[in-house]
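Subject: Structure for your review

Dear colleague,

Please find the structure below, together with its sequence. My notes on what was found in it follow.

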Amino acid sequence: MNVTEVKPSLPPGVRLGRVSFVWRPWLLSVTLLLAAATFLVFCVSIAVGDFPVGLPQVIATILGRGEQVDRFIIMDLRMPRALAGLVVGVALGVSGAITQSIARNPLASPDVLGITSGASAVAVFLVTVSGGTAAAIVDSVGLSAAALAGGLGTGLLVYFLAWRRGVDGFRLILIGISVSALMEAITTWLLVTADIRDVARAQAWLVGSLEDRSWGEVWTALWCGLVLLFVVSCVAFQFRPMHFGDEVAAGLGVRYTRVRAVLLLCAVLLAGVAVSAAGPVPFVALVAPQVAMRLARCPTPPMVASGLVGALLLIGSDLVARTALPVSLPVGVVTAAIGGPFLVYLLVRANLR
Amino acid sequence: MYKSQVNLSKGGPVVAQSVTEAAVGGTSRLAARGVTVGYGGRVVIDELDVAIPPGVITTIIGPNGCGKSTLLKTLSRLLKPAKGAVVLDGEDIGRLRTRDVAKKLGLLPQAPVAPEGLTVADLVARGRHPHQSWLRQWSSDDAEVVERALAMTGVSDLADRPVDALSGGQRQRVWISMTLAQGTDLLLLDEPTTYLDLAHAVDVLDLVDDLHESGCTVVMVLHDLNLATRYSDNLVVMREGSVLAQGHPRDVITAELLDEAFGLKARVIDDPVGDRPLIVPIGRTHVLPGHLPAVEP
């Protein structure tokens, strides 16, 4: 090979006054396409139903115009469900992107780190154990909030158990799997010993679903999600050198323990928001960052694209669950059925190259 | 694959812009003052004093487990001493902001790992992190410095390649390039030749010497004593958490010291190709009769 002086092909930059960033056209166009696709699926999911509404009417109504009849069907009946799907999907996608980046391992996701199983165990406990205290808790804070607390508690427990002079990816995952297994054992035990009517109620909660969302629940989830995403976007810049490990990050001036603690807390809270809004929806947090990484051709999970893929997967799955299948299935069943094969397809295609 | 690297002497080492006048005057820029460092109750370094002279290559050597890497990590603020302080340009490094330390001192840990698929240009560009902010993520300064760092380490023509597709020696050059892009004139390298064969190790150390020639102060940890002797102007010899000897290799490396520090029986001779001493270890096998270690009466 000839030794030649080549001008290094650096990523081009965009500069607007004091603001500058690296120009990555592929990542930008993939993200914009994903956003457009998410909006489209969002509108379609509102349009489809027992009383079909045309797509133009849906878009007009969302933009504040539209007729009174459409407005009722769209805003009061169908919007909460679609919006819940959007919030839950974005929250799970971003949460997965953060946990996978922190653990530097694609296996890490809120599902593996015990958040989902902890929330499920608490919810099933409250549903099946018909004691005075359990009923009182459900009455005062609601099942979703109690489950959220359970998920957060389990997530933090895993974090502190995994802590040994910093957090090691494998240790975090191993402890997460162990604690999840424990929580799942508790859930199964409760279901086996419980009254059959309670079991039916618990099962309905255990399979994630977007059905019967009220505006109140959706607003809470939406605002919590927005605040958390804002915090994540502020800290994300400091996180970038952490893909190279703690020591390199420290050498580059990052206070890595603090950045990691803030981001992991955000990831746990985002997963908690998702669980309390839709129940445990499996697989979205695991698969969305991996799909986003491959679509955007990034070496690490891109946050925005991961959130969008999560939303696309969740709303799309809900749409399929409601319409394409002969029986109406909960969304959680379909996310696994669609997301799994798609990730396998991407991996196989990468192997063939 | 070895030839594909850009010949460094051809472009000539571009003088690092950050060579500061603070380096002159003989005062050390980085020093440990009475530091004690330990992990969970076990003391690894005990009341250690060391000053890093400016503008030269200082290499820390010593037997396994003597605290070499611990000292380097303490000097770079990765570890916080239980007692004592590390002083950087006259200030206690523990009181400085992490980001300000990163603007003065570049650190390359042992065997760092990049995410799969990351390109060389993106990795080296990350070295600009301490100079960037949320709004200012890629200025024209950044582009210039990264270009120079790539050229100095001879990896310009690898800029588009994924880091994981490179050979060990090339990869180490890329990491050094990232540390250079940080724009500091003080570089701390923890065993930069780990996992490299001798040819690549020499290649990387030649690069380190180029950086030194361009005005950088380098502190590194090395295992290979002969390479350390050849490439450093200042050796810090450690044993059991304290400094046994410090100075120019010609003054420091003696058969007695090697025995004391490492328990190594060796002959120290003149290097036939260099102006430094050469260490010839005396094992038990295939040693000529006259050279067996003297049995003390």
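**Findings**

In this predicted model, B:W138 lies in chain B, in the loop between α4 (120-126) and α5 (140-152). Counting other C-beta atoms within 10 Å of B:W138 gives 21; because a residue is buried at 20 or more such atoms, B:W138 is classed as buried. Along the chain, B:R126 is 12 residues from B:W138, and the C-alpha atoms of the two are separated by 10.0 Å.

Leaving aside residues up to four places away in sequence, B:W138 touches A:G13, A:S20, A:F21 and A:V22 of chain A.

The contact between the chains involves 43 residues from chain B and 31 residues from chain A. On the side of chain A that touches chain B, at least two residues each come from β1 (13-16), β2 (19-22) and α10 (246-251). The residues on that side of chain A comprise 17 nonpolar, 8 polar and 6 charged.

Within chain A, helix α1 (residues 25-47) and helix α2 (residues 55-62) have axes that come within 9 Å and cross at roughly 110°. Since angles of 65 to 115 degrees count as roughly perpendicular, α1(A) is therefore described as roughly perpendicular to α2(A). Helix α1(A) contributes A:C43, A:V44, A:I46 and A:A47 to this contact, and α2(A) contributes A:L55, A:V58 and A:I59. By class, the contact of α1(A) with α2(A) has 7 nonpolar residues, with no polar and no charged ones.

With kind regards

Terms used
Residues are numbered from 1 along each chain as its sequence is written. Chains are lettered from A and ligands numbered from 1 in the order in which they are written. This is a predicted model: local features need pLDDT of at least 70, side-chain atom pairs count only at pLDDT 80 or more; totals for chains, interfaces and linings use all residues. Helices (H or I, at least four residues) and strands (E, at least two) are DSSP runs, numbered from the N terminus. A residue is buried if 20 or more other C-beta atoms lie within 10 Å of its own, exposed if 12 or fewer, and partly exposed in between; C-beta atoms are placed from the backbone. Two residues are in contact if their C-beta atoms, placed from the backbone, lie within 7 Å. Ala, Val, Leu, Ile, Met, Phe, Trp, Tyr, Cys and Pro count as nonpolar, Asp, Glu, Lys and Arg as charged, and the others, Gly among them, as polar. Axes are lines fitted to C-alpha atoms, for helices over the stretch in contact, and angles run from 0 to 180 degrees between N-to-C directions. Angles under 35 degrees count as roughly parallel, over 145 as roughly antiparallel, 65 to 115 as roughly perpendicular and the rest as oblique.
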